[in-house]
Amino acid sequence: MTNTKPRRPRRKKENPMSSDPNKIAYCQIHPGVGIARLGNSPDEFFIGPESPGHIAKVTDGKFKDSEGRIKRQAARFRIYAFNADNEVIRELTADHATIQWTVQLANKKASYDMFLGRYWDLQYSTSNLGGKHPPRNQIVSDSAQRAGLLDITPAPQSITGQNAKSDPMIGTFGPLKYTVVDDRMSKVLPGIRSGFIGKPLYPSSQGAPWPEINKMSAFWVDPEIASPPTDSPKLEVTLGQLRTDPHGRLLVLGGLGDSRSLIPDNEIGFLNQDSYYANNDYWYDDTSDGRVSAEVTLPSGEPIEVRGESWVLVTPPKFAPHAEVLTTLWDCAEYAAGRRWPEKYPPHATISFTRDIYPLMRRISEYQWLNQYANSRHGTGMPFDLFDSDRFASMHMQRGPGDKAAREYVFGRMRPPLQVMETLTRKKYPDVLTDPRATKWASMDYMPQMNGDGGATQPNTNENVESNATTGGVYVTFNALIPSQYEALRRWAAGDFIDDWPNDLDGKPLDPRAGLPAPPLTDDLPAAQQPRSLDRAALEPCAGGSFYPGIEITYICMQEDGTTEEGTLWSELGRFDTKKLSPGDITKHMALPWQADFSECRYRWWPAQRPDDIVSEAQYNAVLASYDPKLDGPLATALANRDLWTRDLPQDVPHIDNQMVLAWRDLGFIVPKTGPDGSIVYVETERAPFVGENLRDAFYRLMNINSYPEFLPQARRLVDEFLKQAEINQTDPEIPQGYSFFPYSPEALNARLMQTYNGLVTSNTTALADALVNSTREHEIFGQVQMAPFNQLDGTWIRGAAPPGTVDQARNLLFSIYMDEMGDGVDHQNHANVYTDMLKSVNVYLYDIRSRDYAYDPRFLDSAFVEPVFLLGISQFTEQYLPEIFGMTLFLEWGSVGLQGVVDTLDAFGIDSAYYKLHVAIDNAASGHGALAKQAVQLYLDQVREGAGDDAMQAVWKRIWNGYVAFGTLGTLQADIAKYAAPSLTNQMIDMIKRKAQFGSLNHGNKTVGSNNLNDMFSRPSMFLDALNDAGYVIPGDPENSKIMQLMSFTGPMFHVFTDDEQTLWRNYILSLAQPSMPETQETGIERELRERWDLDRDMIKVISVLRQRQNGVPAHAVRLVGPHPDTGEDATMPITWWLNIPGKSDKEIAYAVMSALREPQNGWITPSNIARSPFVTNMAAGTNAMARAFRDVVLASNRTYLQVFATWVAKDCPIEAVTYTTFKQQKELAKGKLTIRAAAAIPQMEIVPIPVIAPPAKRHKRLFGMGNVH
């Protein structure tokens, strides 16, 4: 029998998760994209906007800290729990779960492609690019190496708990190969990339598909570096740091705005000459982006899935925090989501005036406070003031044909977006761009009146525009709304909208200038609405265009990597598809460094981020002082004038780009203020008082700090920047070995200091010879003038070493050094006074060091103020920088042994060396300041170790050493002095005439030069010089027979009118008038060596010939010299006069005979190859008699002084007829004076020193750091 028991009905299997709406199925991080912003405040920050319609809350309403540094904007992330039905349950905090956050940031700008624009394929010639973007930093050609050398990729950082703080996220950049540039005007690094604007893309023979507009073409050369290259430093770059708040939410802080070139002499625009707004090789910045992930564990130990990851962008600051751009990044995200997922994100069925139209009008109206052009059109009371009461009523009401016509007029002025144009013209991109309507819309007569994704507006001669406004011709260089915004306006203009504009409490329409009531804060919303609110609040303050390349993100938010498929960046509304991204993939498209594009994106780009024209606080206060609402009308009308936001900075490019690298942190924020009439106006606040000032300005203010106490915060920022550069210098492979860092121990310090000491002693042995061959007395004086701003402040950096109260031994040692520098109370021993007296001894009289005239004295190079500003600045903050001050003192005092070479050089040129002799004596390393400085450092470190341990001591030592390096390497003064070229002789003459003009223009009565009154000619020095030549007072090339020189002689009426140095200038100027131009030639290494030898021979003949004509009859020439007789070769002992006038000999033969006698060892005048032991040279350098003065004349053929010619001849072993005597026998014969010129020429084995046939290796130009010799 069959069992017929009925079956129990099968129960439907239920999802256990869906049965409990409070059961957590998974978590998600919000916002989907967080925005952090750079700032240079190391400690203070604020949290970015988290509620739509609300700006971030900042302490005391200030965006800068107490020292004027910009606070960073932190991106805050939260965890939300969802149930199985994808419904939000609540936010999870540290009270509900253990949350471990992980963030990985990267900056990949340097390894990515050059930014050329969204439409680069149409705007640039691609024939030599293979249809691909050229990469930045092409010098790293190995793709396997590019990421490692160019990408800044810190390791991922994790953080958990409440109020936690991670280590900094530090990556590296470099090292990279480069060639030291020693002449920027003629030696440019190969590998340069330069785009040339304004050249036709298509040759006329091919027929241009876009003929009516100028297109751009660009050319790139293959990457190559001139040999031999050197290596740049490898720098550490901090991209940010993680923190958590009291609830365990994540805070991501970005970088401090550090942007710089890895190599020297590489300003923005130097290597990438036409695309430098976005591309600069060897540069880095500290913007970044990357993924944000989390692991969530419930108290029970159950892990909860976290679906998807968030992303964080670290972007530049937003300087108008309350303003929104016309199209926001949230608008772009909504449009992209609607295109990709139309069922999930359908367009609004109804157009709301309040939600869809008014925000556009409000954004345009707010631009009046950020852009002068917008103010002239849409400002309060202006012709197109959208918030004029009558006009605004027509905008939101539907009372009849008049309102409709007003709306249609506004819409008719809107430029259609590209996607709409394709529909209207039935043409696809790029053919749509050649349609006449595209040209019509490419005009400033249409809105938005802003630049576009194709760059700045390109002019044309369009005759169809409706006014005289600025016109354009390239459609893609004009901005347009996105299609969803344009469609909303189209429906609005047609009347397809609802008028939901609210009334105020009196029942009248709300004043649109006052804005809508603030929406609720995210934290006050139901949990279900909070994630989307956070997503929107993060993106709404960001620019959704124009993208060239943009400020927070570029056009990839609308279009992916050159395709036309919109929305592929996003995985859902407000969240990137992180599976397609790796850290750095967003910001790599942006400008490098960001400051270059930021500074140039003025005049109608995104003024809500980077203002153009503003109301300054000074203007606002001035207007308010006399403002009367009844008489003056709206406050906005009274504030019609605008100042440049970037005033006080150079406005030309790339100068403003280079200034912006540091100046961004000093610029002001534009914030709303409520005026006396109750209206809202926007005013610049928190602008630093010294924007755009240079080191000369800083020097003057620091010298008068009691009058400028507000400069102190700026002074500290300068000190920090100097110390940061010193840290970088320590890692530079070009830095001398003695500056590299080493861990401290007494033994290690002693070893390094002795190494430095020995090196300086060695350099002293060659200093004099180098100076006599390569320098002149004038050049040495010039160098001493450049050192004046430093040496006249001798000891200033340690003036705060002994504060009131008890003082330890280490500080006492510093103070002891300071007292010596001050002269121990004796004014003539004060080191600054000693130096000033030295300058006066060579007729250099400087202004009062506290005066403006001193700071702006054109005799100083700009680089002469680097170290003085550093020491003045740091001396204002002794307690904060005491370790660095110990290091600075050690460098300066220990290195004084190297001043012996300076003493020898100055003595050789007859310049008072008392200042340097003083330091050689008192700064000695045995018992002087050098020993005291070393002892002070060791005592100070012992104190730190005893109080805080070894790690703390090593940290302090690192700071001490950085101070040491700072004093030794900051600036370029040494290099600038070395390459200094004196003004042309003509310009020196003009300057001299100007100096004489005050009295010379009064002393000549009715005398004339030609037809010109002599007194009047002093006001026209160039014409004066020409007139002297025309009137026969000057014979070109012949100063001895020139009338002007005869007038200066002892018997002439102008005796003592000109100093000896001025007469030398006259003589050299007259000689130069006959100097022939020298053709440029290409020569081999052998040819160059031979030419240099024969050039030296020629110069020696010239010097001796001129001197013997000038010096005949001088009593000193009765002195006898021993030398080989030019006819017999036998020793002849004859007076100098005989040697200078050997009967029957030519100038050349006499010169060779004199040279043979001079190098005769018996005379003791010359020691071949040893300048220091050649009294003839050293006496001529230091002397002040007529002969010594004559040695300062110039041999025009080589532009070398007579003294340099003689010194070079000695250094090269006294050759005659380019012959160097090298055999032992010949040296003995030479020593005996037995070898004549003829005999030398007859000896078969007598040859010029052999020169290798192979080309000599390229000379490696070493960089010169800092000031050179201390003091």
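Predicted model: local features only at pLDDT ≥ 70, side-chain atom pairs only at ≥ 80, totals over all residues.
Residues are numbered from 1 along each chain as its sequence is written, and side-chain values use heavy atoms, with hydrogens and water left out.

**Overall picture**

The protein chain contains 44 helices and 31 strands; here helices (H or I, at least four residues) and strands (E, at least two) are DSSP runs, numbered from the N terminus. Of its 1271 residues, 54% are buried. Buried means under 20% relative accessible area, exposed means over 50%, and partly exposed lies in between (1.4 Å probe, protein chains only). A contact means heavy atoms within 4.5 Å. Among contacts between residues at least 6 apart in sequence, 74% join residues at least 24 apart.

**An enclosed helix**

Helix α36 covers residues 1060-1072, which makes 13 residues. From first C-alpha to last, α36 reaches 18 Å, close to the 18 Å expected at 1.5 Å a residue; the expected span is 1.5 Å times one less than the number of residues. How many of the 13 residues of α36 are buried? The count is 11, so α36 is largely enclosed by the rest of the structure. Among these buried residues are W1066, R1067, Y1069 and L1071.

**A helix pair**

Two packed helices are described by the angle between their axes and the distance between the axes. For helix α29 (residues 929-948) and helix α30 (residues 950-969), the axes come within 7 Å and cross at roughly 150°. Axes are lines fitted to C-alpha atoms, for helices over the stretch in contact, and angles run from 0 to 180 degrees between N-to-C directions. The crossing of α29 and α30 is right-handed, a term used if the near helix is turned clockwise from the far one by less than a right angle, with anticlockwise giving left-handed.

On the α29 side, V937, Y940, L941, V944, R945 and A948 take part, and they meet D950, A952, M953, V956, W957 and I960 of α30. These contact residues divide into 10 nonpolar, no polar and 2 charged. Ala, Val, Leu, Ile, Met, Phe, Trp, Tyr, Cys and Pro count as nonpolar, Asp, Glu, Lys and Arg as charged, and the others, Gly among them, as polar. Helix α30 itself has 20 residues and reaches 28 Å between its first and last C-alpha, close to the 28 Å expected. After α30 comes G971, whose phi is positive, near 80°.

**Salt bridges**

Side chains of opposite charge can pair when their charged atoms come close. The structure holds 55 salt bridges, each being a side-chain nitrogen of Lys or Arg within 4 Å of a carboxyl oxygen of Asp or Glu. Three of them are listed here.

| Pair | Closest N and O atoms |
|---|---|
| R260 and D258 | 3.0 Å |
| K588 and D585 | 3.2 Å |
| K917 and D907 | 3.7 Å |

K917 lies in helix α28 (residues 914-922) and D907 in helix α27 (residues 899-908), so this pair ties together parts that are 10 residues apart in sequence. K917 is partly exposed at 43% relative accessible area, and D907 is partly exposed at 32%. By contrast, R260 is buried at 10%, as is D258 at 16%. K588 is buried at 15%, and D585 is buried at 11%. Elsewhere, E50, R76, R78, E91, D245, R249 and D523 are linked in a network of salt bridges.
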